[in-house]
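Hi everyone, thanks for making time. Let me put the structure up, and then I'll walk you through a few places in it.

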Amino acid sequence: MGRKPGAERSFTVTIEAPADLGYDVYGVPEGSPVDIELRLEAIMEGILATGSASARATGECVRCLESIDNQIAVGFQELYLYDDAPEDQKSEDSFILEGELLDLETALRDAVVLALPHNPLCGPDCPGLCAECGARLADDPDHTHGEAIDPRWSALSQLADQPVSTAETSESGNTPDDSKE
């Protein structure tokens, strides 16, 4: 392509997704196809890479654990400085050309990971799971466990379920009918 400012080249490629392109619960699976449209432009300081990428992201809904499979599309733009660029233009965050080669993996990873939601949902109105039994509430919207008991009174409901004992039973261990014989 050369270093003459204004020189331009465009590419359309399909690559395999690198490892860790996403989060634990949602991301682009390693080895899956990623379609990239890329335009490289020579400018005074280096090469300006402008592009877009599309891929399939898979994972689980964080509310109901249903599987999610969506097409995602992201755009990115990065400046790759020539290796002989002045030191005052370079920083630790700068991308540097390695001869005539540039590595798009970091720019692609940054664009994809930032575009993915941290808490992916199967739908915007996903009700999640029942807190008591774990049933998926989207499958049974009328799901209930009866009238809720105020937690401050729950100890009394446990007493109601126990058998009633009399004073004589607790002292002698016998029932009142057993002592008459």
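Predicted model: local features only at pLDDT ≥ 70, side-chain atom pairs only at ≥ 80, totals over all residues.

Let's start with Asp69, which makes a salt bridge with Arg56, their closest N and O atoms being 3.1 Å apart. By salt bridge I mean a side-chain nitrogen of Lys or Arg within 4 Å of a carboxyl oxygen of Asp or Glu. Asp69 sits in strand β6 (residues 67-81) and Arg56 in strand β5 (residues 46-60), so this pair ties together parts that are 13 residues apart in sequence.

Residues are numbered from 1 along each chain as its sequence is written, and side-chain values use heavy atoms, with hydrogens and water left out.

The cut-offs are under 20% for buried, over 50% for exposed and partly exposed in between, with a 1.4 Å probe and protein chains only.

How many salt bridges does a search of the whole structure find? It finds 5. Another of them joins Arg39 to Glu41, with 3.0 Å between the closest N and O atoms; Arg39 is partly exposed, at 33%. Then look at helix α1 (residues 105-115): Arg109 and Glu105 both lie there, 4 residues apart, about one turn of the helix. Their closest N and O atoms are 2.6 Å apart, and they form a salt bridge. Arg109 is partly exposed at 21%, and Glu105 is partly exposed at 35%. There's also a network of salt bridges linking Glu66, Arg136 and Asp139.

**A greasy spot on the outside**

Now turn to the surface. Ile149, Trp153, Leu156 and Leu159 make up a nonpolar patch, with about 460 Å² of accessible area together. For a patch, residues need over 30% relative accessible area and no salt bridge; like charges are joined within 9 Å, and nonpolar side chains (Val, Leu, Ile, Met, Phe, Trp, Tyr) within 5 Å. The areas come from the Shrake-Rupley method with a 1.4 Å probe, and for residues only the protein chains shown count as cover. Leu159 belongs to helix α2 (residues 154-160) and is exposed, at 52%.

**Two long-range pairs**

Pro120 is in the loop between α1 and α2, and Pro120 counts as buried at 2% relative accessibility.

My last stop is Asp83, in the loop between β6 and β7 (95-96). Asp83 is partly exposed, at 42%. Its C-alpha is 9.7 Å from that of Glu100, 17 residues apart along the chain.

That's my tour, and I'm happy to go back to any of these places.

Conventions
Helix = DSSP H or I, 4+ residues; strand = E, 2+ residues; numbered from the N terminus.
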